[in-house]
Amino acid sequence: MTRQIAFIIALLITLGIFTYTISRLVSYFRITKAFPVGQWGKRVAVMLRVAIGQTKIFRFPFIGLVHALVFWGFMVITLGSIEMVIDGVFGLDRSMSSTGWFYDFVMASGDIMAYVIIIAMLIFLFRRLFMTIRRFKGIEMQLKSKLDAIIALCIIFMLMLSLAGINLTYIQLHPTNYSGVFPISALLVPQLFTLGTQPFMLHEVSWWTHILLIFLFANILPYSKHFHVFTSVPNVFLSRLEPLGYLPNMENVMAEVKLMMNPETAFAPPAEEVPAVPARFGVKDVEDVTWKNYLDALACTECGRCTSVCPANITGKLLSPRKIFVDLRARMKEKGPGLSKDSNYDDGKALLRDYITPEELWACTTCNACAQECPININHPTLILDMRRYLVMEEAAAPPALNTMFTNIENNGAPWQFPAEDRMKWAESL
Amino acid sequence: MQTNKIVVPLMSEMSARGEAPEYLFWVGCAGAFDERYQKVTRAFIKLLHHAGVSYAVLGTEETCNGDPARRAGNEMLFQMQANMVMETFRNYAIKKIVTCCPHCFNIFKNEYSDLGGFYEVIHHSQFLKQLVDEGKIEADPEIFNDKSIVFHDPCYLGRGNQEYDAPRNVIAALKAKTIEMPRNKSNGLCCGAGGAQMFKEAEPGNKEVNTERTEEALATGADIVATACPFCMTMLTDGIKFKNKEEEVKNYDIAELLAMGLGL
């Protein structure tokens, strides 16, 4: 009974903190702009392929496989965790074991994957701590990002070690009549427990370590880059379905252009009812981004695959696609609390310039290598372009050469200074 | 060399005669004005005539479709240009567009529809592939049989629109030896010109993007670096010159290669 009460208290604390965190995030989402979604069938297909099938992570074959194993392992192990919560709340033991072959499957795969993940964590930690991997570096990779990664890997390592502990001691406690199948643990028990330790105590310690680490992890995740454990599958499900080359239209510009090009309205005085604050063109700060941009930022796990393939970054330019989303998330954390209470809140700073410089934005070639590479379908070029749109249309702050290009298009209908009447000159020497 | 001078049909003249071609060939700014890319336009025209395609060009009625302005953040200018272009297309009831420029291809295909312009848009690599498949174009297998060709994927054709095979199929028709760069298809490295970079200096860094890409192309040892985009062509041609390799390694558009393969 005491055990049950202790468990319920721990569960309630976990859920309480988690609810608080999520409600804050929801209030940040309320600040953001619309992003239309539809085509649900297609989305399910993308989610099955990219998220569940991990197709994009396999673009880096070896480490991609290791990640995919961890992901698939988590899927089966989570089912076991749900059972542990039910057991904890109702004071039961292995409450789902009556499901027969399904239980055997979940336990067997969970047992195998626990050991696989232990090895995977050692590989990941080794890479983080002892190897020089270019994509783990960069100006946006501050100490917090590095610590985030190490802490998460260590917690997962401990989670799997304690899960193995549960399985091993459970078999030892019920050598002939345990439910479920534990292929690797069953193999290890005779090797590990020949000296007659205290299986009951060890089982209790493993069980509580495992469940309390899950509770702790769940509440650390939303504050770390490892939030992708929760957000990446929805992020893939909600990802943009158009070809990568597509850039979304600006409806507010469309309205203005129509007025300008219509001879009846072009020279008319502005309409009486002008909104107090006209809608801003492009993205300057967090209130201008779409909720999908912000979800991208929350889902970004800072793996750096985007930056590792960025032609600008490869050739030493300041731009790092990953930094755009790391900055967006950090800026929302800074401005979101104030802005969610007061829509006119202004702290004198902005995402643009205080976080992301025009130099970074102008280095983008919109080649879409970043978006192609992102394992969870973040779309970087669209946000970069939206910030360029702000710079150009609100501040007329394009690089001088681009202003020349604009003038050429306006005057002679070509980005270069050639007269329109020369457009057929190429045909003269046919 | 052709003895008969080719007369390029103009949309306005055809319309005056009450005719309507099947395709509009959108020449694009680079195709019209860039001295190097004009050669590609002429090569493509020769192929169109060789295959007996019903087409016309807009000539002096063509104007920028606004892509460089849009990629540089000037949505206002883009939409003004787009409205003008769509008006011209409406006048001639244009439904099918073929173009050599992946940037023009992308904006017509994916983005004009948001403004109310719906067209069937074909990149010249797809168009040429189709002509080859239909047997309307058959390259002489002797011309390139001692040459090796490496293809550079234009971002707006490849990653942007998932077209990796059509240009490779066109090159395959030449019966040359084909090589791939380590970064190819969806892993292809940009030439450095996209996103309006073509019209500005690069941001400070330790290398030019086109140098990085050219080095990769040269390392394959290919005789010919093939492209299917006017901006890629400029960047790679410059890169090859920068590396002092213009004598040994040539940069051609796939349309030029195919025209050469036909002896046009």
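## Helices, strands and the model

Helices (H or I, at least four residues) and strands (E, at least two) are DSSP runs here, numbered from the N terminus. Just after one of these elements, α3(B), B:Gly52 takes a positive phi of about 65 degrees.

This is a predicted model, in which local features need pLDDT of at least 70 and side-chain atom pairs count only at pLDDT 80 or more, while totals for chains, interfaces and linings use all residues. Residues are numbered from 1 along each chain as its sequence is written, and chains are lettered from A and ligands numbered from 1 in the order in which they are written.

## Where the two chains meet

Let us start with the contact between the chains. Two residues are in contact if their C-beta atoms, placed from the backbone, lie within 7 Å. By that rule, 55 residues of chain A touch 58 residues of chain B. On the chain A side, at least two residues each come from α9 (251–261), α13 (311–314), α16 (358–362), α17 (369–373), α18 (380–395) and α19 (400–412).

For residue classes, Ala, Val, Leu, Ile, Met, Phe, Trp, Tyr, Cys and Pro count as nonpolar, Asp, Glu, Lys and Arg as charged, and the others, Gly among them, as polar. The side of chain A that touches chain B then holds 37 nonpolar, 10 polar and 8 charged residues.

## The domains of chain A

Domain bounds come from an automatic or database domain assignment. For chain A this gives domain 1 (2–228) and domain 2 (251–259 + 281–400). The C-alpha centres of these two domains of chain A are 32 Å apart, and 25 residues of domain 1 are in contact with 29 residues of domain 2. Helix α1 (residues 2–31) of chain A gives the largest share of the domain 1 side, 5 residues. That side divides into 11 nonpolar, 6 polar and 8 charged residues.

A residue is buried if 20 or more other C-beta atoms lie within 10 Å of its own, exposed if 12 or fewer, and partly exposed in between, with C-beta atoms placed from the backbone. A:Val326 is buried because 23 other C-beta atoms lie within 10 Å. Leaving aside neighbours within four places in sequence, A:Val326 is in contact with A:Glu140, A:Cys300 and A:Glu302. A:Glu302 is 24 residues away from A:Val326 in sequence, and 7.6 Å away in space from C-alpha to C-alpha.

## The domains of chain B

In chain B the domain assignment gives domain 1 (11–129) and domain 2 (138–261). Their centres, taken over C-alpha atoms, are separated by 23 Å. The contact between them takes 28 residues from domain 1 of chain B and 26 residues from domain 2 of chain B. On the domain 1 side, α2 (28–33), α3 (35–50), α4 (67–71), α6 (102–111) and α7 (124–133) of chain B each supply at least two residues, and α3(B) gives the largest share, 8 residues. The residues of this side comprise 13 nonpolar, 8 polar and 7 charged.

Buried residues of α3(B) include B:Tyr37, B:Val40, B:Phe44 and B:Leu48.

## The sheet of chain B

Two strands pair if DSSP finds at least two bridges between them. Chain B has an open sheet of 4 strands, with parallel pairing in the order β2-β1-β3-β4. Its edge strands, β2 (55–56) and β4 (120–123) of chain B, each pair on one side only.

Strand β1 (residues 23–26) of chain B pairs with β2(B) over 2 bridges, where B:Tyr23 has B:Tyr55 as bridge partner. With β3(B), β1(B) pairs over 3 bridges, and B:Leu24 has B:Ile97 as its bridge partner there. Both faces of β1(B) are covered: B:Tyr23 and B:Phe25 are buried on one side, and B:Leu24 and B:Trp26 on the other.

## A residue of helix α5 in chain B

To finish, look at B:Met86 in helix α5 (residues 75–91) of chain B. Is B:Met86 buried or partly exposed? B:Met86 is partly exposed, because 19 other C-beta atoms lie within 10 Å. Neighbours within four places in sequence aside, B:Met86 is in contact with B:Tyr112, B:Leu115, B:Gly116 and B:Gly117.
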